[in-house]
Amino acid sequence: MGLLVVGSLGLDDVTTPFYKTENALGGAATYISIAASYFTSPIYLVGVVGEDFPKEYIDLLEKKNIDLEGLQIIEGGKTFRWAGKYHYDLNVRDTLLTELNVFENFDPVVPEKYKKSSYVCLGNIDPVLQMKVLVQMIDPKCVVCDTMNYWIERQKNELLELLKKVDILIINDSETRLLANEPNLIKAAKHILDFGPEIIIIKKGEHGALLISRDTIFSAPAYPLESIYDPTGAGDTFAGGFIGYLHKTQDLNIDNIKRAVIYGSTMASFCVEQFSTKGLEEIDYLRVNDRYREFLNLSKCNEL
Ligand code: AMP
């Protein structure tokens, strides 16, 4: 049974202190499904783009064996657009523009063959749309959800409704504080567990990731890279590597979930080395595994 991914697909304009791109391939579902494609198949994509979405981007998704039956292409419609600017400290980003465009009237239809997918990744998009997809699924084994400040600020009640049905929530540190209305990350995460998820994974950019459940706290470092060009999509790529590995192994034991966190971080490290999805396009599973092993060694030391 497959891995279902829903979320934004879009065109991004990104400015960093080093470079500027326009109309780059972006969107949460894009990064998630490309990252997951290194681990597993089939990947079933649900989303929407406009007529202006370049054919080469569709070709890339197809090349990664992502099933596009659930991707609607709206004639005359305009694709989701986002623009962001990074500060010299690449952990800090300003959103300059968010245009929902075809997502505003999107009515997601989950194709019949997608409905029994055992793993579902609700990538960043309006929680109302995430819910519309989730209710069409038949008894998924694991539901992972990502969201961001944009939706926490605008659709908090809808998001809280959705979280009742989510097993694992992936968000970044500032979003964790915002969602829980609590400055301390651990307290905030525990508060969010009361909303429904069994596990929260907090992404902390170059400071790694923190997994928190009722009885576990697990901290993973970020891969120490000397050249970070574009952090866009790192969080989504993390989610894709994470759920791709879980789907491949079909094992939801906490130790395996911790391994999935390291695989998620591994994929995110490839993403930030280049612009847009470029860093994810030309790797292979061997390189992924080599870096995964380096990751394991990062915080290994001998016991006394
Ligand atoms: P990340 O850097 O992981 O937070 O993800 C960046 C990607 O998220 C970009 O490629 C954007 O196209 C997409 N994105 C930005 N804002 C939103 C939003 N409000 N809803 C859905 N996707 C978004």
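**Entry 1: a charged network.** I began with three residues, Asp67, Glu69 and Lys113, which are linked in a network of salt bridges. I noted that the model is a predicted one. I looked up each pair in turn. Asp67 bridges to Lys113, and their closest N and O atoms are 2.8 Å apart. This pair joins distant parts of the chain, 46 residues apart. Asp67 sits in strand β5 (residues 66-74). Lys113 sits in the loop between β7 (93-99) and β8 (119-122).

Next I took Glu69. Glu69 also forms a salt bridge with Lys113, with the closest N and O atoms 3.1 Å apart. Here the partners are 44 residues apart, and Glu69 lies in strand β5. I then asked how accessible Lys113 is. Lys113 has a relative accessible area of 43%, so I wrote it down as partly exposed.

Side chains of opposite charge can pair when their charged atoms come close.

**Entry 2: a pair between two strands.** Which residue forms a salt bridge with Lys203? I found Asp146, with the closest N and O atoms 3.3 Å apart. Lys203 belongs to strand β11 (residues 199-203), and Asp146 belongs to strand β9 (residues 142-146). The two are 57 residues apart, so this pair too links distant parts of the chain.

Lys203 has 12%, so it is buried. Asp146 has 2%, so it counts as buried as well.

I also looked up the total. A search of the whole structure gives 13 salt bridges.

**Entry 3: the nonpolar cores.** I turned to the largest nonpolar core, which has 60 residues. Which members touch the most other members? They are Ile168, Ile201, Phe242 and Val261. Helix α9 (residues 254-271) gives this core its largest share, 9 residues.

Another core lies apart from the largest one. This other core has 48 residues, including Val14, Val102, Met137 and Leu210. In soluble globular proteins, nonpolar side chains tend to be buried together.

Technical notes. Residues numbered from 1 in each chain as written. Predicted model: local features only at pLDDT ≥ 70, side-chain atom pairs only at ≥ 80, totals over all residues. Heavy atoms only, no water. Core = buried A, V, L, I, M, F, W, Y, C linked by side-chain atoms within 4.5 Å. Buried < 20%, exposed > 50% of the residue type's maximum accessible area, 1.4 Å probe, protein only. Helix = DSSP H or I, 4+ residues; strand = E, 2+ residues; numbered from the N terminus. Salt bridge = Lys/Arg side-chain N within 4 Å of Asp/Glu carboxyl O.
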